Each structure stands twice: as C-alpha cells, then as structure tokens.
Amino acid sequence: MRPFFVLLLSLTLLPFSSPWRSSLEEELASNLNKRRAPPEMQETATALLLQRLLPSHTSSFKFQIDSKGICGKSTCFYISNIYNSKHGQPEILIQGSTGVELSSGLHWYLKYWCGVHISWNKTGGVQLGSVPSPGSLPRVDKMGVKVVRPVPWSYYQNVVTSSYSFVWWSWQRWEKEIDWMALQGINLPLAFNGQEYIWQNVFMDFNLSREDLTDFFGGPAFLAWARMGNLHGWGGPLSDNWLNDQSILQKLIVTRMIEFGMTPVLPSFSGNVPAALKKLYPSAKITRLGDWNTVNGDKRWCCTYLLDPSDPLFIELGKAFINKQIEEYGDVTDIYNCDTFNENAPPTNDPSYISKLGAAVYKAMSQGNKDAIWLMQGWLFSSDAAFWKPPQMKALLHSVPIGKMIVLDLFADVKPIWKQSSQFYGVPYVWCMLHNFGGNIEMYGILDAISSGPIDARRSSNSTMVGVGMCMEGIEHNPVVFELMSEMAFRDKKVQVKEWLKSYSKRRYGRAITEIDESWQILYQTIYNCTDGTADHNKDYIVEFPDMSPPTKQSLLSIRRDLSRMSPRFFLREVSQQLPQPHMWYSQKEVVNALKLFLDAGKSISGSLTYRYDLVDLTRQVLSKLANQVYLDALTAYGMSNLNTLNLHSKKFLGIIEDLDTLLASDDNFLLGTWLEDAKSLAMTSSEMKQYEWNARTQVTMWYDNTKTNQSKLHDYANKFWSGLLKDHYLPRASMYFNYLSQSLTENKSFKLEEWRKGWISYSNTWQSSTKKYPTEATGDAYAISKSLFKKYLS
C-alpha cells in the first residue's frame with residue numbers, strides 16, 4: 001500500500017505544460033488504487049493523533065477521507081459544522097484528501113477558531129488552554145471552510161537533520177514528531193533511519209565481511225556525512241545493537257507515515273563504497289576522493305571511495321539496495337533521495353560526462369523500482385556555484401526524463417536558484433527554507449521572504465514549482481519561523497506578517513498582551529528581518545571563540561566600526577589578522593527594548609512554558625551579542641597594553657558566560673544533560689554508552705579530528721547555548737585565553753598562541769571523553785533571573 005496518489009494530484013496542479021505530463025499521469029493513475037493507503041487507516045491515524053494531543057475532545061471531531069469529491073482534483077481539507085449533535089457526539093467534521101489533510105484541517109481549526117498553538121516541546125510545547133470545553137466548540141461559516149493546497153508537496157528535513165537533531169531519538173519522540181509533521185501538513189518527509197542495516201546486508205551479499213565495514217560507517221552522531229561520502233569511520237564503529245535497533249525504529253517511522261498518507265522519501269545509492277570493495281572488484285571504476293575537513297588529510301577518516309556511476313557494478317548495487325529496502329519496509333514509495341555530488345564535484349566539468357553520470361544514478365534507482373523518481377538536494381548549485389554553470393546544471397538536470405527528478409531549491413529563502421536557472425530548466429522543484437546550520441541556537445529569520453518567496457515563485461512565468469519545504473540542518477528553535485513556513489503549504493497569497501504576528505502571539509501565550517505584541521513587532525523588524533543576503537551560522541564569540549593571536553590595534557578599530565552598524569554586511573568576511581566576525585544584522589538597542597517589553601509583561605504569564613522559552617531565548621540572544629562587544633573591549637585593552645582594563649573586560653566576558661549558564665539552566669529546553677542522557681539511553685552495553693556519549697559531546701564541540709596544536713576545522717560548527725556546555729566547555733576555553741593575554745602583558749612577551757592551543761585542545765579532548773553527568777531538569781526562576789540580568793547588564 002502506498003500513499004502515492006498525491007503525486008497524481010500534483011501533476012494536475014503543475015502551473016506549466018510539458019509533453020511528459022499525459023504519459024506520466026497515465027502511469028501514475030494505473031498505480032493509484034493499489035498504492036493508496038486505505039481511507040480507514042488514515043482516518044484512524046488522525047483520530048489517534050487527536051487522542052494524543054487533546055484527549056478531552058476525542059469525541060468532538062469526526063474525520064473523513066474525501067469520498068464525495070469535495071476536493072475535486074486538488075488536495076484540500078474541508079471543515080464544516082455537525083448540527084444537532086448530542087452531548088458526547090462530534091461537533092466538527094473535517095474532510096480531506098489524505099490523513100495529512102485531515103490532521104492539517106484539525107490544526108487549522110484549532111489555531112484559527114480555538115486559539116491553539118503547537119510547537120516542539122523544546123520550544124515551549126503546546127498551548128491548549130484556550131480550547132472551549134466539549135459541546136461548546138466554535139462554529140465555522142455555514143458553508144464550511146475549504147483550504148486547497150496551491151502546490152501539492154510539503155517536504156521536510158535535510159539529509160543532516162538526522163544527525164544534528166534526530167540521532168538519539170526513541171520511538172516515543174519520533175511519534176511526537178510525526179504527529180507534528182501531520183499537523184503542519186507535511187506529506188513528503190525524508191525517512192533516513194536504519195539505512196546502515198540495509199547497507200550491511202547488501203554489501204555482505206557482494207561478499208564483503210562484517211569486518212570490512214568496521215571503518216566504513218561513521219559513529220551515530222556522524223552518520224549523515226558518512227552517508228554522503230565526506231568521511232568514514234569517525235566516531236564508529238556501529239554495533240549490531242545499533243544497526244538492529246535503528247532498523248526497527250525505521251519500520252515504525254515508515255509505517256506511521258504511511259498511516260497518515262504521507263509519501264516517505266527513502267535513500268538510494270550515491271556511489272559511496274567501502275575500501276574493501278576495490279580489492280574484491282579490482283576492475284571496477286573506484287576512485288578515492290580528496291580530503292574533507294580533516295586537519296592534515298588523515299586517511300583514517302577522510303578520502304572515501306566513490307564507485308563511478310558508469311560502472312555496471314553501480315547499477316547492481318543501487319538495484320540491490322532498493323530491493324532490500326522494499327523487502328524490509330514494503331513497497332512504500334517511488335521517491336528516492338540521492339546526492340552523489342553534494343560537496344563532491346564530478347571529476348570533470350564535461351557536460352556529456354555529467355549527463356552520463358546522472359543517467360546512471362537514475363538507472364540504478366529505476367532498476368530497483370521502475371517508477372522511481374529522483375529527489376535531489378539543490379545545495380550543490382549554491383555551495384559549488386563556480387563548478388555548476390548552466391551547461392553543467394542542464395546536463396545533470398536533463399540526464400533523466402523530465403518528471404523523473406524533483407530538485408529541492410534548498411536555499412531559496414536566501415539564494416533562490418530557480419531565478420537564475422530558468423526554473424531549473426524545466427525540472428520540477430520544491431521551494432525550500434534552509435534557515436539553520438549545525439543546529440545552532442540563535443534567534444534568526446527572514447519572515448518577509450518566507451511569506452512572499454513561495455508565492456512569487458509559484459506565480460512566476462513558466463513556474464515548475466511543485467512544493468514548499470523546510471530543509472534546516474537542525475530543528476527545535478525559532479518556532480515563529482517554522483510555524484509561518486509550514487503555513488505556506490496552504491497559502492495562495494502573501495501573508496501580511498504584521499497582522500499574522502498578532503494572531504501568533506495571542507495563540508502562543510493564550511491571550512493578547514499589549515507589551516508582547518509591541519515586542520514582536522520590534523523582533524519582526526530586527527531579528528526576523530535579516531535582509532543582508534546572509535545565511536546565519538552562529539559565530540558569537542562565546543560559542544565560536546577565535547583561534548588566533550590577538551589582532552592589532554588598527555584592525556580592531558576596523559572591526560568595531562563594522563559591529564556598530566545597524567545592518568552590516570560582513571558575515572564570513574575577515575579583516576586584518578583574520579578575526580572572525582559574528583553575524584550582526586539588526587540594532588541591538590531596539591532588541592534590548594523588545595526584551596524590556598517582554599519582561600514588563602511577564603508578571604501575568606511567567607508560568608507559561610511558551611513565554612518562559614521565548615524569554616530565556618531572547619535574553620540569551622541579547623547577552624550573547626553584548627558579549628561580542630565585551631570581547632572586543634578586552635582585545636582593545638590588550639592592544640593598548642592596558643592590563644587593568646583587559647582584566648576588567650575579561651572578567652565581564654567570563655561573567656556573562658556564567659550568568660548565561662544560570663539563565664539557561666532555568667528552562668528544561670537549554671540543558672546539555674538532556675542531549676547526553678538521550679544518547680546514553682540508546683546504549684545496551686557499557687562500551688556503547690561510552691561511545692555514544694563521546695559522539696554526543698564531540699559533535700557539539702570539536703566535531704572532527706584535531707592534533708595537539710590544531711583544532712578541528714569544524715570546531716564549534718554545531719555550537720549550542722546549553723547550560724553545562726557553557727560553564728564546563730566555553731568558559732574554561734575563554735578563561736585560558738584571557739589568562740594568556742594577561743600573562744603576555746605582565747611579562748611583556750608575545751602572546752603564547754601555541755601553548756594556549758595545546759592546553760585548550762587537551763582540555764577539550766578530555767572533556768569529550770568525560771562521563772560527568774549534567775542535570776536534565778531546570779532549576780531556578782527564569783523570569784526572576786532574566787529580570788536580574790537585564791538590570792545588571794542592560795539598564
């Protein structure tokens with residue numbers, strides 16, 4: 001059974017005409033009945049979701065898959081009243097094309113008629129207090145409310161989200177996430193768990209041993225990059241327990257997706273192979289790739305092996321992998337992800353060669369599933385734009401029949417490729433928001449781009465857009481951004497963000513509050529109005545401390561001028577001495593005022609979990625940006641050889657870190673302990689527990705390999721503002737550095753960069769291997785702490 005009928009519906013909505021439409025429609029129509037999940041299954045899935053979300057109202061709603069043609073050829077949900085219902089009987093009928101539409105209709109009704117707010121637990125969770133009691137639910141218009149998707153697909157996930165956010169999840173957490181997906185209207189989610197179990201079986205069928213795979217798979221927290229062929233072995237090996245458990249988890253995930261009528265996107269073969277395959281098949285075209293971010297090109301971790309797609313063995317392996325997935329999960333999808341060229345450029349830019357490679361990749365899929373459709377992340381067209389010029393892009397995109405590839409315009413919220421590629425040269429694409437890198441915790445967004453970008457793309461001339469998507473590297477942050485983005489799956493007009501935020505604020509906190517509304521309008525014009533064309537990666541000095549000798553006096557003056565601007569455009573641009581500069585795109589003064597308004601409203605709603613999360617996050621944001629200035633004050637004092645002033649600012653910088661740690665400890669959602677305990681909870685042996693904890697600690701700190709004097713090139717890439725991490729990792733690092741600065745002035749000697757590096761890296765490596773336990777429950781009064789810190793630093 002496959003919920004694949006949605007794709008048939010999508011083709012009737014395509015806003016462009018192509019010769020492939022008729023034939024593909026016929027092909028999909030023939031598969032429609034046998035691949036559709038039974039209506040009863042989807043209705044039951046939605047009813048059970050309601051039971052988990054709002055158990056007091058399980059009898060208040062009736063769900064019905066559209067069997068009377070209400071949606072016609074479109075994908076929609078329809079909300080109507082049930083009149084003359086008796087006590088304990090349904091009051092509201094929700095009909096829709098799939099279980100996802102039923103769930104989306106439920107969410108839409110709860111939001112816009114009952115004032116409900118639903119976000120991830122780690123961003124405040126749900127606000128359900130405004131729902132009237134059963135029997136008193138608000139009525140919709142007499143004619144009912146029909147909401148039609150303007151484009152058929154709502155895609156979800158990045159190939160690295162599985163490592164940055166999902167890696168330690170149990171089924172209990174996954175069940176909540178799939179519920180969240182359904183409520184948000186997501187019908188095309190990536191399903192990447194458990195693929196190493198499949199690969200082990202496939203490779204063993206090709207005569208590789210279990211030992212041959214020991215250094216092929218990465219560790220649990222680094223699997224995304226091992227899958228893409230960026231690295232091998234780092235953080236591994238994987239135990240049989242891990243492989244088996246993840247396979248079981250994947251079956252649960254895929255089954256639930258099917259029950260809702262979602263179309264899971266499964267992985268396919270990208271060409272990444274174990275080293276031992278080269279020995280077993282000496283005539284195969286296997287090449288070794290170059291280094292990917294190791295310190296010294298360490299081949300224990302880097303330089304993976306790639307099987308050329310033109311080699312017959314590529315087709316055999318690709319077919320075997322898809323067949324093995326079908327054996328494990330059933331015949332559940334026709335859509336497969338493959339990113340062979342993700343940060344791995346082809347060996348030549350010859351368009352004919354690239355076309356052959358693309359055709360071979362697709363052939364491997366279609367050999368396993370004749371109806372296969374290749375879904376490809378379009379990140380390569382942004383990250384390696386120098387290589388992917390129009391001839392190369394066309395060669396890859398047209399290497400398969402039109403309609404057999406869907407491209408994710410991964411970075412469309414900042415750098416849309418559809419505009420510069422003539423709508424991907426006629427290939428269907430999904431408008432995506434990338435938004436977050438590394439799972440960093442930073443308040444950031446471009447609400448205007450989200451509210452208008454998908455509309456502009458869909459309405460553009462000869463548009464090939466078939467969906468919207470959320471492709472963040474990490475989740476569980478910035479709930480306002482994700483709520484608006486998920487709504488764009490159902491919006492056919494631009495959203496008036498100013499008015500929408502008033503509604504959002506009222507739902508999120510349970511009632512309208514003047515000061516909160518004013519605060520959100522400021523945040524909309526500042527933090528959530530990043531118009532400098534830069535994607536955000538948190539480089540604040542607390543969490544990404546510069547690994548360098550202190551800069552000169554003159555270069556510091558240049559940096560300070562940049563940081564004082566309201567909307568500087570200097571992200572990732574380095575000045576003299578290469579001092580990294582944090583991204584600062586708004587007026588700090590205005591955001592401090594927004595925080596003051598937030599605090600002014602706090603007495604009446606300080607018990608709200610959604611308010612507490614936002615208050616802690618906003619206070620953290622303001623103090624983190626303040627710390628950037630304090631750090632520069634300290635370095636300026638060093639450049640002026642003023643020891644007393646250096647020590648004064650150093651003490652203030654370290655004090656902000658300590659105070660932030662205390663603040664973050666007051667909310668359950670900013671705790672290092674949760675991340676570590678979740679990792680350890682998946683272990684079945686003491687050695688697994690040690691390995692998983694090391695993986696968890698290493699990903700959020702050093703990330704990759706280092707030497708005694710060189711930090712990982714990816715250090716702090718996945719930085720987090722978590723209590724415990726600040727006090728035990730970021731604080732000692734900064735403290736060591738400032739001590740060396742002070743020593744340099746005291747002794748009138750040069751700054752001892754190499755000694756600081758040795759000491760810091762040794763400390764970090766020891767911390768990565770540590771087993772110290774951290775709290776998993778909040779301590780302290782978030783409102784009182786935030787108010788106190790405002791008075792201490794900002795008033």
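Two strands are taken to pair if DSSP finds at least two bridges between them; strands (E, at least two residues) and helices (H or I, at least four residues) are DSSP runs numbered from the N terminus. The views show a predicted model, in which local features need pLDDT of at least 70, side-chain atom pairs count only at pLDDT 80 or more, and totals for chains, interfaces and linings use all residues. Residues are numbered from 1 along each chain as its sequence is written, and side-chain values use heavy atoms, with hydrogens and water left out.

View A. Cys76 has Val148 of strand 6 opposite it. Strand 2 (residues 76–81) and strand 6 run antiparallel and are joined by four bridges. The open sheet that contains them has four strands in the order 1-3-2-6, with mixed pairing. Strand 1 (61–65) and strand 6 (145–148) each have a single partner strand and stand at the edges, so one side of each lacks a neighbour in the sheet. On average, neighbouring strands of this sheet are turned by 15 degrees against each other, direction ignored. Helix 4 (residues 99–114) lies across strands 1, 2, 3 (92–96) and 6, and runs at about 145 degrees to strand 1. Axes are lines fitted to C-alpha atoms, for helices over the stretch in contact, and angles between N-to-C directions run from 0 to 180 degrees.

View B. Eight strands with parallel pairing form an open sheet in the order 8-7-17-16-15-14-13-9. Its edge strands, strand 8 and strand 9 (266–267), each pair on one side only. Strand 14 (residues 373–377) is parallel to strand 15 (residues 405–409), with four bridges between them; Leu375 stands opposite Ile406 of strand 15. Helix 17 (residues 479–487) lies across strand 16 (429–433) and strand 17, at about 160 degrees to strand 17.

**View C. Strand 7 and its two partners.** Strand 7 (residues 153–156) is covered on both faces, with Trp153 and Tyr155 buried on one side and Ser154 and Tyr156 buried on the other. Buried denotes under 20% relative accessible area, exposed over 50% and partly exposed in between (1.4 Å probe, protein chains only). Four bridges connect strand 7 in parallel with strand 17 (residues 465–470), where Met470 is opposite Tyr156. Two bridges link strand 7 in the parallel sense to strand 8 (residues 188–189), in which Leu188 is the bridge partner of Tyr155.

**View D. The packing of helix 6 against helix 9.** The axes of helix 6 (residues 171–184) and helix 9 (residues 240–259) come within 10 Å and cross at roughly 25 degrees. The contact involves Trp171, Trp174, Glu175, Ile178 and Met181 of helix 6, together with Leu249, Leu252, Ile253, Arg256 and Met257 of helix 9. Contact means heavy atoms within 4.5 Å.

**View E. The surroundings of Leu223.** Leu223 belongs to helix 8 (residues 223–227) and is buried, with a relative accessible area of 4%. Apart from neighbours within four places in sequence, Leu223 contacts Ser163, Glu196, Gly218, Leu238 and Trp242. Val160 lies 63 residues from Leu223 along the chain, and their C-alpha atoms are separated by 8.4 Å.
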